[in-house]
Amino acid sequence: MATAEGSKEMPATGARPAHADNEAHAAQAVREIFDAIAPRYDLLNHLLSANIDRLWRRKAARRFRAVLARPQAAVLDICCGTGDLTLALLKRRPRGARPILAADFSHPMLVRAADKFAARAEAIPIEADALHLPFRDGSLDLVVTAFGFRNLANYEAGLKEFFRVLKPGGQLGILEFSEPGGWMGKAYAIYFRRVLPAIGRAVCGQDYPYSYLPASVGEFPPPAQLRAMMQALGYADCAWKPYTLGIAGLFTATRPENGNQDSAVHVASCAP
Ligand SMILES: C[S@@+](CC[C@H](N)C(=O)[O-])C[C@H]1O[C@@H](n2cnc3c(N)ncnc32)[C@H](O)[C@@H]1O
């Protein structure tokens, strides 16, 4: 296991659920996992995190309060799942603000999000793949995601796609699990690798999804590595703020005012 800020020997290129031997299979396997757990996702999320997940989403929304307060800001919650981050973001939007775009590639997850948004016109659910977003270059002021980025089949491709759709000066926020170091890390590893899959199995009646969760966190690049990847791709102000002793954390970055997609790709291809 790595420390919260440390590095791992073999950086992952993207999520690889069991038996997935290429990116297309990985994406399909991830979608099938979330399709399968969609009916129990909210219950298990709040149960397994003792509701701390709500606090983390609220904190992430607070971090972006300035851009959310601008009525015309174009905001995307990507990998929105059942929509809880979108709802936290909406609390920071002024009345009459432009609706938040909430996108996910799992239809059953998105249907649940749409149910939650139904009473309000401030969020638009969109079925879309994070690696092929149906938005124009430089069209968004804020791209934010909670616990979704880790599941992408290719992290670099995801960061490039977010860069493409962000306006110069636009901001990125990635809320993700992490593996804390020290005693906390040891206690957490026992909970995450043994207790959590057992509860997930009991409530969901399925084995694999809740053993995929700890495995995917274990394989996710540690904060220092992901920040370095963001920087190499041309993002500015790359930072990571740990939440709850590093169990989770928020990555933040900006598409520079003078940066463009070509320069980002060029920097990436020149990176060691
Ligand atoms: C752990 S859930 C997080 C949902 C929600 N953001 C939350 O905070 O609870 C991860 C979500 O990411 C979505 N996802 C994973 N890979 C995706 C991709 N390539 N494109 C779109 N959505 C994706 C899954 O379908 C799932 O709904």
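## Exercises on a predicted model

Helix 1 (23–37) and helix 5 (84–90) each contribute at least two residues to the shell around the ligand. The exercises below start from this shell and refer to a predicted model.

**Exercise 1. Determine which helix gives the largest share of the shell around the ligand, and describe the shell by class.**

Solution. Step one is to count the shell: 22 residues surround the ligand. The closest of these are Cys 79, Gly 81, Ser 106, Ala 146 and Gly 148. Step two is to assign the shell to helices: helix 1 provides the largest share, with four residues. Step three is to sort the shell by class, which gives 13 nonpolar, five polar and four charged residues.

**Exercise 2. Locate Cys 79 and decide whether this residue is buried or exposed.**

Solution. Cys 79 sits in the loop between strand 1 (75–78) and helix 5. The cut-off for a buried residue is 20 or more other C-beta atoms within 10 Å. Cys 79 has 26 C-beta neighbours inside 10 Å and therefore counts as buried. Its backbone also deserves attention: phi of Cys 79 is near 60 degrees, a positive value in a residue other than glycine. Most residues other than glycine have a negative phi.

**Exercise 3. Identify the residues that touch the most other members of the largest nonpolar core, and list the contacts of Val 75.**

Solution. The largest nonpolar core has 75 residues, and Val 75, Leu 89, Val 143 and Leu 175 touch the most other members. Helix 1 gives this core its largest share, six residues. Once neighbours within four places in sequence are left aside, Val 75 is in contact with Leu 68, Leu 89, Ile 100, Leu 101, Asp 141 and Leu 142.

**Exercise 4. Summarise the chain as a whole: how many helices and strands are there, and what percentage of residues is buried?**

Solution. The chain contains 11 helices and seven strands. Of its 272 residues, 44% are buried. Among contacts with a separation of 6 or more, 72% join residues 24 or more positions apart.

Technical notes. Residues numbered from 1 in each chain as written. Predicted model: local features only at pLDDT ≥ 70, side-chain atom pairs only at ≥ 80, totals over all residues. Buried ≥ 20, exposed ≤ 12 C-beta atoms within 10 Å, placed from the backbone. Contact = placed C-beta atoms within 7 Å. Near = placed C-beta within 6 Å. Nonpolar A, V, L, I, M, F, W, Y, C, P; charged D, E, K, R; others polar. Core = buried A, V, L, I, M, F, W, Y, C linked by C-beta atoms within 7 Å.
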